[in-house]
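Please open the structure in a viewer and keep the selection tool at hand.

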Amino acid sequence: MIKTDILIIGAGPTGLFTVFEAGLLKLKCHLIDALPQPGGQCSELYPKKPIYDIPGFPEILAGDLTSNLLEQGKQFQPGFTLGERAETIEKLEDRSFIVTTNKGTQHHAPIIAIAGGLGSFEPRKPQLENIEKYEDNGLAYFIKDPEVYRNKKVVIAGGGDSALDWSIFLADVASKVTLVHRRNEFRGALDSVERVQELKLINKINIITPAEITELHGENKIEGVSVTKNGETEFIEADEFIPLFGLSPKLGPIGNWGLEIEKNAIKVDTLDYQTNIPGIYAIGDVNTYEGKLKLILCGFHEATLMCQSAYKRLNPGKKFVLKYTTVSGINGFDGSRK
Ligand code: FAD
């Protein structure tokens, strides 16, 4: 059981900044994210796009903002459960909560901060018989550790940036890479498209287009796939199959936690961004209130006020005076530095 003061669901920019604001109040944070890496939309959807409305940064790449937020929070040593989706919540008699992920990891905290953005990004799964049987048994929708694929026969399906980038990367890791796409044209960046074609010419990548994976084979784990092209089906031996058809955001299991939901977002009190369940807050893109703007800087503001409220809830009656970090030092309101 992982124990913390504030359990943050969602490691997007809002969740990451919460770590810093909570740290100033000496509250420990642990983050859960369904994605294998932190950064939310910034790292998943547009890491190379510049953002122009982060105060103090005339221009910053979304990926660099994520790195900076991680660096800023690092001093407060947050914990991470990545690649797991927060699934269920249980309220205990002492008003604290246990949150369990889809992989069974349990987290215990008196405060829950839902910073789930547009929801957890769920992989778009191909319609194939028995696909669930192979999940984590040679079939993965995300690549967490490329080393898993070393010297293996890998089949990748998809035609976007992820499929192209991973085919290029794994060409030097796997013993064989086969890329299957249902059209002849790829949708990714031009230089990636050119690079896979170059790798095809030197037999580092086997490209099959226009074709589709039509069947999965293997006793208990993937041993091969059927690929159908122009009505003809061939068997391709594979140790690993990686369908990369993109991600779609869904509010998902959080929608069943008894929270007040409006238009796929969680209603909050703008006093402190608490939900209808005391002790559970919702901050960033995931919440809704009159005048809500889905912007990163709004998430930062909400995280800051939420942490103040959480501190008061955890320390009833305890007085504190807000000081500036420039005056009190980074490690809190008592002015001490580690
Ligand atoms: P998100 O970034 O969405 O992160 C939420 C995280 O929660 C995700 O990683 C998700 O996997 C995780 N999650 C959700 N549910 C669960 C669960 N049950 N279990 C585990 N994890 C879960 N904003 C700006 O201010 N300026 C811009 O210039 C700008 N440009 C943008 C450009 C594009 C193309 C897009 C798509 C958005 C842009 N935005 C911009 C919006 C900005 O990205 C969002 O406002 C911001 O990402 C919200 O941050 P967040 O942390 O609240 O949520």
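Predicted model: local features only at pLDDT ≥ 70, side-chain atom pairs only at ≥ 80, totals over all residues.

**First stop: the cysteines**

The count of disulfides, defined as pairs of cysteine sulfur atoms within 2.5 Å, comes to 0. A disulfide is a covalent bond between the sulfur atoms of two cysteines. Select cysteine 29 and cysteine 307: the sulfur of cysteine 29 has its closest cysteine sulfur in cysteine 307, at 6.2 Å, which is too far for a bond. Cysteine 29 is buried, with a relative accessible area of 4%; here buried means under 20% relative accessible area, exposed means over 50%, and partly exposed lies in between (1.4 Å probe, protein chains only).

Residues are numbered from 1 along each chain as its sequence is written, and side-chain values use heavy atoms, with hydrogens and water left out.

**Second stop: strand β8**

Select residues 97-101, which form β8. Helices (H or I, at least four residues) and strands (E, at least two) are DSSP runs, numbered from the N terminus. How many residues of β8 are buried? The strand is mostly covered, with 5 of its 5 residues buried. In a regular strand the side chains alternate between the two faces of the sheet. In β8, Phe97, Val99 and Thr101 are on one side and Ile98 and Thr100 on the other, and both faces are covered.

- β7 (residues 86-91) pairs with β8 in the antiparallel sense over 5 bridges. Glutamate 90 stands opposite isoleucine 98. The two strands form a hairpin with 5 residues between them, and arginine 95 in the turn has a positive phi of about 75°.
- β9 (residues 106-109) pairs with β8 in the antiparallel sense over 4 bridges. Here the bridge partner of isoleucine 98 is histidine 108. This hairpin has 4 residues between its strands, and glycine 104 in the turn has a positive phi of about 90°.

**Third stop: the nonpolar cores**

A nonpolar core is a set of buried Ala, Val, Leu, Ile, Met, Phe, Trp, Tyr and Cys residues joined through side-chain atoms within 4.5 Å. Select Ile6, Ile112, Ile114 and Met306, which touch the most other members of the largest core, a set of 54 residues. Elements that each supply at least two residues of this core include β2 (6-9), α1 (13-24), β8 and α7. Which element gives the most to this core? It is α7, with 7 residues. Apart from this core lies another, of 21 residues, among them Val173, Ile207, Ile242 and Leu244.

Select Ala163, Leu164, Ser167 and Leu170, the buried residues of α5. Seen down the axis of α5, they fall within an arc of 145°, so they line one face of the helix; the arc is that of the directions from the helix axis to the C-beta atoms. What covers these residues includes β12 (153-157), β13, α6 and β18 (240-243).

**Last stop: the salt bridges**

Side chains of opposite charge can pair when their charged atoms come close. A salt bridge is a side-chain nitrogen of Lys or Arg within 4 Å of a carboxyl oxygen of Asp or Glu, and the whole structure holds 11 of them.

Select lysine 204 and aspartate 172, which meet in a salt bridge at 3.0 Å, N to O. Lysine 204 lies in the loop between α6 (190-201) and β14 (206-208), and aspartate 172 in the loop between α5 (161-170) and β13 (176-180), so the pair ties together parts that are 32 residues apart in sequence. Lysine 204 is partly exposed, at 30% relative accessibility, whereas aspartate 172 is exposed, at 58%.

Then select lysine 292 and glutamate 302, whose closest N and O atoms are 3.0 Å apart in a salt bridge. Lysine 292 is buried, with a relative accessible area of 16%, and glutamate 302 is buried at 0%. Finally, select Glu260, Glu262 and Lys267, which are linked in a network of salt bridges.

How values were computed
Contact = heavy atoms within 4.5 Å. Pairing = 2+ DSSP bridges.
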